[in-house]
Amino acid sequence: MPTSNSPIDSTWTLTFDDEFNSLNANHWGTNWLGSPGAITKPINSAEQAAYDPAQVSVSGGYLHLGTDYKTVTVGGQTYDMVGGIVQSNDHFQQTYGYYEARIYLPGTNGDINNWPAFWLDGQNWPVDGELDIMEGLSGQAGYHFHSPSGGPGATASGDYTGWHTYGALWEPGSVTYYYDGVEVGKITTGITSSPMYLILNNGISDSIGGPTHVGSDMLVDYVHVYSHAPNAVAVAPEAGYSGPGQVAGGDPPPPPPPPPSDPGTVGDSLANLLTGDSGNNTLNGQGGADTLNGGGGADNLIGGAGNDVYMVDNAKDVVNENGGSGTDSVISSISFDLHSNGKTVFGNLENLTLTGFATNGTGNDLNNTLIGDKYYNRLVGNGGNDTIDGGAGNDLLTGGSGSDTFVRHSLSEGRDTIKDFQTGRGGDTLDIHDVLSGYNSSSNLGDFVHLTQSGNSTTVQVDPNGAVGGHQFTSIAVLTGVTGVSAAQMVEDGNLHVT
């Protein structure tokens, strides 16, 4: 609901309300102005993800706008990521009024992930205007108003990750922005007067948004719109509504009662092995180094203190390490992101191992260990000094910030591509000592490792036995963006580990 510092009162009229008790097709389209169900292109040329209706869902009373790795071709352009969007273009538009939403933005260390936004747009851009109530710009929450005369705005100071309320009071000649009920800015130039529709989207842009964390969801608790126009038509509020203003149909219906609490299976201070069944289980490890395996179903896994292991096999499994400690690991047969997202992941998780046919593994800003399975994997470390082991298959690996270590164990693991390998002292490390079975401190490095440059990349080739039995080099890794280096220099700088 609007906070006590809301700029409106009981004289205003509620003209739009969605509490997300369901996904209301009379309120929203689920792509960027395309035919129903179609995957559509990004809104902005700086975006890297298309918009997929499959990334839009409602559960637990929240709208979920997801992101995922998925290769799609739209309008002749191929994208390898998708995001979620809803827009009210065919259902609701309004000039002036107060617009507010309560939104969860995933992020770490105060930086908002991806390029999420809550905004309004007219039919003819920029003539009809664009009112950006909140968008994640380089990890910060910002506001703007775009028109033919420009796009003034700013970012608000503070940490706006997690749950916050974002509002805008649009009046003739001005827009005032409120975050958590506190005025953060006001724009008085270029304000247009044409009707605009609502948009909420979870986009991806390395150049405009914050850190890219694929798999993180933007959640929306509600969207409320009010009008002060004398002819405004009130709508009936949905179940769960709470706020000021005149509504249709009298008082809003009360929210449904909460489900009865079920403590589930509870461990103790020892190292427990807790296993569920095919239903939706709650497993609570308490203290100790616990292993939690919910089995089939959408399970709630709570580790508590100790070095816990979470077995994940369902996209709706909840891994809850809030208040826990130790070094915790997820073993997942589906793609998984270690970031706390307020939906399926809570607290700090350090390690991830993919099994089965899982494809994507994403780290957070801790020092993670990410291990792939025997097929193709896409592993992204993000922040921290990560250890990344693609396993078998031709994997695509990205370390992110920090000094990361990429591990190879054998020739049979395929040829991996490392997208952001940093050379020089303090940079990244390619650890191939397990592959070089015949190498020792007196060996000639050139008998075991060759580097070949092609374009802006360097391929690492190895012969596990050196000159014994004749040379036979095999390509094991491509270092994208790495040029002008030698194997000896990489060893000296700590970028190549051979013993």
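I worked on a predicted model, where local features need pLDDT of at least 70, side-chain atom pairs count only at pLDDT 80 or more, and totals for chains, interfaces and linings use all residues. Residues are numbered from 1 along each chain as its sequence is written, and side-chain values use heavy atoms, with hydrogens and water left out.

**Cavity.** I found one cavity of 30 Å³ or more (on a 1 Å grid over the protein atoms alone, a set of points where a 1.4 Å probe fits but cannot get out; lining residues have an atom within 4 Å of a point). The largest cavity holds about 30 Å³ of space, a volume being the space filled by probe spheres set on the points. Its lining consists of Leu 397, Phe 406, Val 407, Arg 408, Asp 416, Ile 418, Leu 430 and Ala 477.

**Aromatic pairs.** I searched the whole structure and got 17 aromatic pairs (ring centres of Phe, Tyr or Trp, its six-membered ring, within 6.5 Å; planes under 30 degrees apart are stacked, over 60 edge-to-face, the rest tilted). I looked up Phe 357 and Tyr 375: their ring centres are 4.9 Å apart and the planes are at 20 degrees, so the pair is stacked. These two residues are 18 residues apart in the chain. Phe 357 is exposed at 67% relative accessibility, while Tyr 375 is partly exposed at 34% (buried is under 20% relative accessible area, exposed over 50%, partly exposed in between, with a 1.4 Å probe and protein chains only). I also noted one aromatic cluster, formed by Phe 16, Phe 20, Trp 28 and Phe 92.

How values were computed:
On a 1 Å grid over the protein atoms alone, a cavity is a set of points where a 1.4 Å probe fits but cannot get out, and a pocket is an open set with protein on both sides within 12 Å along at least five of seven lines; lining residues have an atom within 4 Å of a point. Helices (H or I, at least four residues) and strands (E, at least two) are DSSP runs, numbered from the N terminus.
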